[in-house]
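Please keep the sequence and the model in view while reading the points below.

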Amino acid sequence: MSFLRRHWLLSSLGALVLLIIGLALLALPLRSVPADASAAQDDLTRAVEALQADDSEVGFDHVAQARVHVDDVTAVTDGIGAKILSWVPLAGSGVRDVRDLATAMDHLTSAMEVGEELYPQIASEDSQLLSDGNVDLEILDASLAGLKSVTRHMRAARTHLNDVEGKNLLVGDTTADARDTALEKVDPAASTLDNLSPLFDSLPEMLGSEGQRGYVIAMMNPAEMKYSGGSMLTFSRLRIDGGEIEQGASGDIVTDPKLFRLLHWDRVEDNPFSRKKRQRITHANSAPSWPVSGEDTLRAWDKLKKQESDGLIALDVVAMANLLKATGPLEVEGLGTVTSDNLVEITAGDYDRFGKNEQEERKALNQALIPAFMDRIFSGVDFIATMKALGESAKGRHLALYFRDEPAQKASASMGFAGDLSDTEHDYIGAFTQNRVGSKADYWQQKRLKHDVRLNEDGSARVTLRTTIANTGPTQVAGEVHAYTDPRLDIALTSFLPKGAEVREVKLMTADGESEAYTKTRDYYGREFLTNYMVVEAAEEGVLTVTYDVPAAAVRSGDTLTYHLDIDPHPTVRKEKVEVNVEWPDGFAPAGTLPEGWETTEDGNSRWKTGALKGISSFELTARSGG
């Protein structure tokens, strides 16, 4: 028995040694993985940087180099040795993490390879997707299929990255760090593609693949503001059938006066900004969000023109200027070269050029803008730069798309083009004005917002929003002062409040001193708003200060407090200046990385200040209790 025990022990030890040797031999190829993975990562990073710099040739060369390194990595991680090691105690979870990282990298590289195939179809100079002002639906279908493939690869990469546990003791934090670094890049890209997915399915039908579609186009003048944007002073209609596009003539008060007659139309239900009396179509966009103003505008148009429309494209001259910056200047008969630098001024702010006797010339330019805009969109020239310009305009709410078809509207929202208000349950800023007279003085309007937040430990807050309206217009106007050239601002100023907010105090000040302020709030589809009125002469200011309590400005979780803020800009010519000050409760201090532009003050609070609000903004800040 003693002999058997000794030999059994020796045999077991021998088997264990052989197993360890075998596993070591299996692990030997894994030694090459870090170097190959690092090289692949470097190439993918350089590829993205080159593509962002519009250097597609260099970018796709790096993608090809990344593929070589990725294949070397996956040849090892998908091998029999790695598969066996992935189930070995202690080492197994680390090997599985490495395999997931390698698979994620493979999917990322595949996504960029599909992008390389798509590039000639969509963005190259030889692209036939858009030609002669029309859309090739066959090329569009192929391009959308490619984009869906990219989406699948990005989703798979995100899934494998999320499967990385990063807890293996032998590997340490290496895989966890690699996972977190990759997710910082992959998550936003995958989420963007997820949001765009409805567009991939809806776009062919929106472009007439199933029959004719009709879209109203409204050109707005931001020198005369409504809550949603500038007054709609020029209209046209677009017909699309099987990708073939036909533009209708542009109409304004001179060329199509019947379009601007007074009429009743069936208003959008529960819209508090809609008056139950005869009005012109120019008043249809008084609601601040385009899903409401867009439908109201279409109902007015359909009654005026006796036709059904599928959607609305609303844009202003700022959006047109953004497009000209990307696609080049515009030649207009009688005016010559119009550029991104002078378009807004000569259409909305040049009082010397467009006096009372020169309205026809200004209107001639307005009539040329809609056809020019659509020509540039469907020209196919510098497709990527064009899309970037449109995205920038939509973020500033200078451009909005509304569709009556629910999937199409969902696609518009997914792209950030719907022009809706934020639906956040937390803190919110939205201060919009509406011109009460015929003056185009909103061209000179400069808004300054100061948002002071004093947080409580439970996440509630006392907030004071100070809105200053400065009239930067000239104190003297050359020639006769009339409805167009009067530089005085006569406006309604409406503050849209965070959900559940309770108003505590309202003060209204102008150059004439303190005025009576309205404190009663009304409801706009779940968000309360407060309206006051002011007249601001040139070179003067008016100030509205509203103090209110917000029930859930922040979210408390254990010893952390996370503050959330969304800002919707009003699309004036001069961008809003915004300052936000967040005072944390006693014992709390900012934790983690602050959003871009934010800083910690000397007293341990948080502050953000911008001289020009770029567009729709969303922030999240976290503080932690030291107690």
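The largest cavity of this predicted model holds about 60 Å³ of space. Its lining is formed by Met219, Met220, Asn221, Leu233, Thr234, Val317, Thr347, Ala348 and Asn366.

**Cavities**

- The count comes to two cavities of 30 Å³ or more.
- Three elements, namely β3, β4 (230-241) and α10 (343-349), each supply at least two residues of the lining of the largest cavity.
- Among the contributors, β3 gives the most to this lining, with three residues.
- Sorted by class, the lining of the largest cavity comprises five nonpolar residues, four polar residues and no charged residues.
- The second largest cavity contains about 30 Å³ of space.
- Around the second largest cavity stand Trp265, Arg267, Asn271, Phe273, Ser274, Gln279, His283, Ala284, Ser286, Ala287 and Asp296.
- In the lining of the second largest cavity, four residues are nonpolar, five are polar and two are charged.

**The open sheet of five strands**

- Five strands form an open sheet in the order β5-β4-β3-β6-β9, and their pairing is mixed.
- At the edges of this sheet are β5 (244-247) and β9 (399-403), each of which pairs on one side only.
- On average, neighbouring strands of the sheet are turned by 25° against each other, direction ignored.
- In which sense do β6 and β9 pair? Strand β6 (residues 311-316) and β9 pair in the antiparallel sense, over five bridges.
- Within this pairing, Ile313 has Leu401 of β9 as its bridge partner.
- Helix α9 (residues 317-327) lies across β3 (213-225), β6 and β9. The helix runs at about 80° to β6.

- Is strand β13 mostly covered or mostly uncovered? Strand β13 (residues 489-496) is mostly covered, as eight of its eight residues are buried.
- In general, the side chains of a regular strand alternate between the two faces of the sheet.
- In β13, Leu489, Ile491, Leu493 and Ser495 point one way, while Asp490, Ala492, Thr494 and Phe496 point the other way. The residues of both sets are buried.
- Strand β10 (residues 427-435) is joined to β13 by six bridges, and the two run antiparallel.
- Strand β17 (residues 527-536) is joined to β13 by eight bridges, again with an antiparallel run.

**The protein as a whole**

- The protein contains 13 helices and 25 strands.
- Of its 627 residues, 52% are buried.
- How many of the contacts between residues at least 6 apart in sequence join residues at least 24 apart? The share of such contacts in the protein is 72%.

How values were computed: Residues are numbered from 1 along each chain as its sequence is written. This is a predicted model: local features need pLDDT of at least 70, side-chain atom pairs count only at pLDDT 80 or more; totals for chains, interfaces and linings use all residues. Side-chain values use heavy atoms; hydrogens and water are left out. Two strands pair if DSSP finds at least two bridges between them. Helices (H or I, at least four residues) and strands (E, at least two) are DSSP runs, numbered from the N terminus. Axes are lines fitted to C-alpha atoms, for helices over the stretch in contact, and angles run from 0 to 180 degrees between N-to-C directions. Contact means heavy atoms within 4.5 Å. On a 1 Å grid over the protein atoms alone, a cavity is a set of points where a 1.4 Å probe fits but cannot get out, and a pocket is an open set with protein on both sides within 12 Å along at least five of seven lines; lining residues have an atom within 4 Å of a point. Grid points are joined across faces, edges and corners, and a volume is the space filled by probe spheres set on the points. Ala, Val, Leu, Ile, Met, Phe, Trp, Tyr, Cys and Pro count as nonpolar, Asp, Glu, Lys and Arg as charged, and the others, Gly among them, as polar. Buried means under 20% relative accessible area, exposed over 50%, partly exposed in between (1.4 Å probe, protein chains only).
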